[in-house]
Amino acid sequence: MSINPEIQGKSYPQTEPYLVGREKVREFSRAVLATSPINLDVEAARAAGHADIVAPPTFPIVIQELTLQQLLSDPDAGVDFSRVVHGDQRFTATRAIVAGDELRATLTVTAVKQLGGHSMITSETVVVDPGGDHVVTALSTLVVRGDES
Amino acid sequence: MSITHYDGLAVGDVVAERRVTLTRDSLVRYAGASGDFNPIHYRDDVATSVGLPGVLAHGMLTMGLAVQPVVDWVGDPAAVSDYQVRFTRPVPVDAAAGAEVFIVAKVGQLDAEAREARIDLTVSFDGATVLGKAQVRVRLA
C-alpha cells in the first residue's frame, strides 16, 4: 500500500507541553553513551552557563516521536507501520534543550514521493518553548517498503 | 569546561576517533530511554520474520552515539547546532558478541566568520559505513 500523496502539506495539532525531566535527560544521555559532564552533572552544566543539564543533540527525537505517532496513526496517511524504515534524520537547533524546558511540537508533512516500489514521507517537526520561540526543528524521512521486499 | 577554539583547525583534520561496542543491553537501555519499543531491536524471531538478519541497533542509537566523540572534542553538547545522517546500512547486534562500531570525526568545512565547523563522521561496522552524509555543525570559541 502506498502513502496517500494528498497528505503532503498537512499539519497536525500542536502536541501538549512536554516537560523535560532532569532524570530523563540523564537516562537518555547514558543510553547514547554520552560522557560529557554537561549532560549529567548540574554543577558542570551551570559552570558552563546553562540553566540545568543539557540534553544530547539527538534528544529532540523523544518530542518528535509524539508527532510521528500522530502521522502514523492518521488513517488518511495510510502508513503501514510494520513496513516503515528510518531513511534519514536531521536536527537543526536554535538552542540546546535543557532539563526544565517545556516544549510543544507541530509536525507538517513536507513531501511524499514514490521511488521504485517504496514510498517516502518527509516530515518537519518544529519544537518551540512556552513563549513560542523556536528551539529545534527535526526533519525525518520514513521509507515505507513496498510489497515485493 | 571550555569550548574548543576555531583557530588552528584545518579541513581534513581528524578531531576524534572512537570504538564503541554495542550489546543487546545497550539496545534495551536505548529502547527504554527513547520510547522506541519496535521489537526488531530486541527479538530475533520478529527481526528474522521481516527478513532481517537478526536484532538491529536502533538507527537513532547509532546516530546518538556517533556524535558523542564530537561533543567531547568541542567541550559542550550545546555547541552542536545541526546534525544530520542518512541510515544506509543496518547494524546487527549479536546476542553474545555485540557489535563494534568505529567512529572517525574529521573537519569537513570551516566558516571563519561564524567560527563554526562542519565535522564529517565516518561510522562503520564490520568494515562498511552504516551512516551516509553524517554531518555535525558546531559553534567554536
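Student: Why does Arg43(B) count as partly exposed?

Tutor: Arg43(B) has 39% relative accessibility. Buried means under 20% relative accessible area, exposed over 50%, and partly exposed in between (1.4 Å probe, protein chains only), so at 39% Arg43(B) counts as partly exposed. This is a predicted model, where local features need pLDDT of at least 70, side-chain atom pairs count only at pLDDT 80 or more, and totals for chains, interfaces and linings use all residues. Residues are numbered from 1 along each chain as its sequence is written, chains are lettered from A and ligands numbered from 1 in the order in which they are written, and side-chain values use heavy atoms, leaving out hydrogens and water.

Student: What makes the contact of Asp45(B) with Arg43(B) a salt bridge?

Tutor: The term asks for a side-chain nitrogen of Lys or Arg within 4 Å of a carboxyl oxygen of Asp or Glu. Here N to O is 2.7 Å, so the pair qualifies. Asp45(B) is partly exposed too, at 45%.

Student: How do you know whether Asp52(A) is buried or exposed?

Tutor: Its relative accessibility is 9%, under the 20% limit, so Asp52(A) counts as buried. Its salt-bridge partner is Arg46(A), 3.9 Å away, N to O, and Arg46(A) is partly exposed at 43%.

Student: What makes Arg83(A) and Asp80(A) a salt bridge?

Tutor: Their N to O distance is 3.7 Å, within the cut-off, so they count. Arg83(A) is partly exposed at 22%, as is Asp80(A) at 28%.
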